[in-house]
Amino acid sequence: MKNMLVAENVTKTFDGLVAVNRVNIVVKENTFTMLIGPNGCGKTTLINCCTGILKPTSGRVLFEDIDITGWKPHEIYRVGFVRSFQIPLPFIGLTVIDNVLGAMRNPGEAPFKAPLLKKWAHVEEENMSRAMDILARVGLEKHWDLPSSALGAAQLKMLEVAKGLSSGAKLIALDEPIGGVDPASAHEILSHVSRLKEEGLTFLVVEHRIDIAAPFADYIYAMELGTLISEGPPDKVLNDPKVIEVYLGKEVEAC
Amino acid sequence: MSTHGHFAEKFKDILLGRAFHMSLIIFVLLAFLYFSGGTSIILSILIQVAVFSIITMSLNLEAGYTGIPQFGRVAAVIAGAFAVGAIPGRIMAFFMSLPYGAEYASDTVNVKLVPQINAVLAGSWLLSLGFLLMCIVIAGAAGALVGWLISRPAIRLKEAYLGISMLAIGDFLMWVGHNWNIIVGGSVPVYVPDPFRIFGAARFNVIVPAFFLIAIIIFIYLNRLVKSPLGRNFRMLRDNELSASAAGLDIVKVRTQSLVIGACIAAIGGGLYVIYTGSVAAIGMTRLTFTFWPWAYMMLGAIGSNVGVFLGVFLLTILRTMIIIYRSQWFGFLQAAGIDPLWLEYTLLGAVIIIVILFLPYGLVPEKVRPMLPANRVKKVISQKQMQT
C-alpha cells in the first residue's frame, strides 16, 4: 500500500512549550488511521501542522511524496488533503447544500463572470448534482435546503465530512468526529466514514472515544505529552501497558 | 391549493410583512414633508436616498456579506469625491486651453474656470452625458484603487484592528484633502463642473431619476453578484475564515475582491454626491455622514439584504432631514435647558443603533438563506436526483 501522508520528525513549540516533539507518523492509502491520546497531548497540534493551519517548527510533512511543509491550508486542499474541525465550523448563513458547494470550484467565482448567470449556471448545476450524491453518502440528503444553523451536533459532524468529500479529497483528517455526540449517533457517523473508506478514501482520525472508534480502525498511533508512545494495529496498541497507563492511570499496588 | 388562494396567501404575507409597514411609514412621512415643506425637500430627500443607497449597498457587500469590519466607508467615498472634484474638470480645462495644473484648484482661478466649463457643457447634451459618464468611471477607478490599497493591511489584520485601521485611513484622507490645496482646493472648496446645467431650473427634477437609474443598475449588479459562487465565497469568509480556507478559499484574495468592488461602488456614490452638491469641501467628508450613518442604515434595513438597505436608507434619511429642518422649531425648548438641538442628529443615530441591536438584531428584512442558483433551476436539479433514486 502506498504512503498517503508521512510526517517526519515534526516538532512544534510554542514559546518553550514543546507541544509536538519529533513525531513520525505514516498514513497508508485507503486506511482508517487513528491518533489517540489524552487531552493536551498534541494530537490537534500535529493535525494542524500537517494541514497548514500551523507551521511546524521543524520536520517535514509529505503528502503523496510532495513536500507540503508550511503550505497554506487552501494550497494543501488543492492537492487533495482536507480536514474537519473539532468543533464543527459550518457556514451558518448558507444552506446545507451550499456548505458542500462552497468547497467545489466554479467559474462564477471570478468577479467579472459572477454577475452573468450563463457563465456559471451549468457548472453549478453539475456541482449541485454531485453535492446531492455526497449528502446522500453522509445521510444528509433530506436536509439539503435547510440553513446549516438548523442541523444537530451529529449532522454537523457529517456536514464537515461532506465538505471534505466535495473537494474530491483523497485524505480527510477528522478531528474528533464523534466528540460530544451520543453513542448511537457516534456509531452512525463512524459507519458512514467506514463506508466511505470502502469507496477508496483514506482517513486520519483524532479521537478520544477509543471504545467506540477502535473497532473501525486499521492502525493506531498513541501520543502522550507531545511524543508517540505506541503504534500498531488496534489489539496491540490498546493492550500496550504504556497506553493503558496514560488512559487509566498507574496500577495501584495491592495492599 | 388553487392559484387564487396562493395569490391571496402571498398578498396577505406582503401586507403583514415589515417591508410593507415600513413603506407605509415612509409614504406618510413623505406626504407630511410635501405638504409642510414643498417639492424641494422631497427632491433633496430622493437624491440623498439614491446616493446613500449606493454607498450603503457597497457597505453591505463588504460588512454584511463578507463580514469585513468596514469602519472606513468614508475613505472610498472621499476617493470618488476627490477624483470627480480634481480630474474631470481638469480634463475639460485642458481641452479648452484653460489652466489645468495646480492652479486649477486655487480658489481665485477655480471660481472663474468652472462657469466657463459649465457654459460649454450646457451647450451640448452629448457632452454633458459624456462628462457624467466620465465622472462615474473616474470615481469608480479611484475607488477601486483606494480599495485595493486598503486591502493590503487586511492581509495581516482582522476584526477590530482592521476596523480601526480603516477608520483611521478615512480620516487621514479627509485631512490630506483639507490641507493639500492642489487636489480639491484644501480649505476652500473647488467647484465641480455640472453635467446637469443643461436642464437649467429643472436640474433637480432630472438628477432624481438619473441617480435612481444608476442606483437601480448597481442594485441589480450587486444582487446578481451576491447570488453567485463569488457571493457564496464572501459569505463563507464572513461565517468562518478558518473553515473557508480549509474549503480551498484564498481568503486574502476573496477579501480583496470584496473590498475593491465595494470601494469602487462607494466611490461612485461619492462622485455623484459632489456632482449633486456642485462642490467638494474636503472637511465635509466626515465619518459621521459617510461611515456611521451608512452603518445605521444597513443595521436598520438588514445586514445581508439590499431591499432592506434601501428601506433603511429611505426611512432614516427622512428622519434625519426632518430633524435638520425642524430641530430649532420643534425642539427649541431644549435650548432653555442648555441642550443644543444640533446634537439631535447624533442622538437619533445612537438611538437607532441601540434599538436595532436590542430588538432587531437581524434588521427589518433579514437575509433569506437560499441556494445561489435561481429556484427553478435548483428545483430541476433536485427533482432529477430524486427520480434517479
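The dialogue below takes up chain A and then a pair of helices in chain B.

Author: This is a predicted model, in which local features need pLDDT of at least 70, side-chain atom pairs count only at pLDDT 80 or more, and totals for chains, interfaces and linings use all residues. Residues are numbered from 1 along each chain as its sequence is written, chains are lettered from A and ligands numbered from 1 in the order in which they are written, and side-chain values use heavy atoms, with hydrogens and water left out.

Reader: How many helices and strands does chain A have?

Author: Helices (H or I, at least four residues) and strands (E, at least two) are DSSP runs, numbered from the N terminus. Chain A has 9 helices and 10 strands. Buried residues, meaning those under 20% relative accessible area with a 1.4 Å probe and protein chains only, make up 55% of its 255 residues.

Reader: Is strand β3 of chain A buried or exposed?

Author: All 5 of the 5 residues of β3(A), residues 32-36, are buried, so the strand is largely enclosed by the rest of the structure. In a regular strand the side chains alternate between the two faces of the sheet. Here A:Phe32, A:Met34 and A:Ile36 point one way, while A:Thr33 and A:Leu35 point the other way.

Reader: Which strands do bridges join to β3(A)?

Author: Two strands pair if DSSP finds at least two bridges between them. Strand β8 (residues 202-206) of chain A runs parallel to β3(A) and is joined to it by 4 bridges; strand β9 (residues 219-224) of chain A is also parallel to β3(A), again with 4 bridges. A:Met34 stands opposite A:Val205 in β8(A), and its bridge partner in β9(A) is A:Ile220.

Reader: What is the order of the strands in the open sheet of 4 strands?

Author: The order is β2-β1-β4-β5 in chain A, with antiparallel pairing. Its edge strands, each pairing on one side only, are β2 (17-28) and β5 (66-67) of chain A.

Reader: At what angle do helices α3 and α14 of chain B pack?

Author: Axes are lines fitted to C-alpha atoms, for helices over the stretch in contact (heavy atoms within 4.5 Å), and angles run from 0 to 180 degrees between N-to-C directions. Helix α3 (residues 39-65) and helix α14 (residues 287-301) of chain B pack at about 75 degrees, with axes 9 Å apart. They are therefore roughly perpendicular (65 to 115 degrees) to each other. Among the contact residues are B:Phe52 of α3(B) and B:Trp295 of α14(B).

How values were computed:
Angles under 35 degrees count as roughly parallel, over 145 as roughly antiparallel, 65 to 115 as roughly perpendicular and the rest as oblique. Buried means under 20% relative accessible area, exposed over 50%, partly exposed in between (1.4 Å probe, protein chains only).
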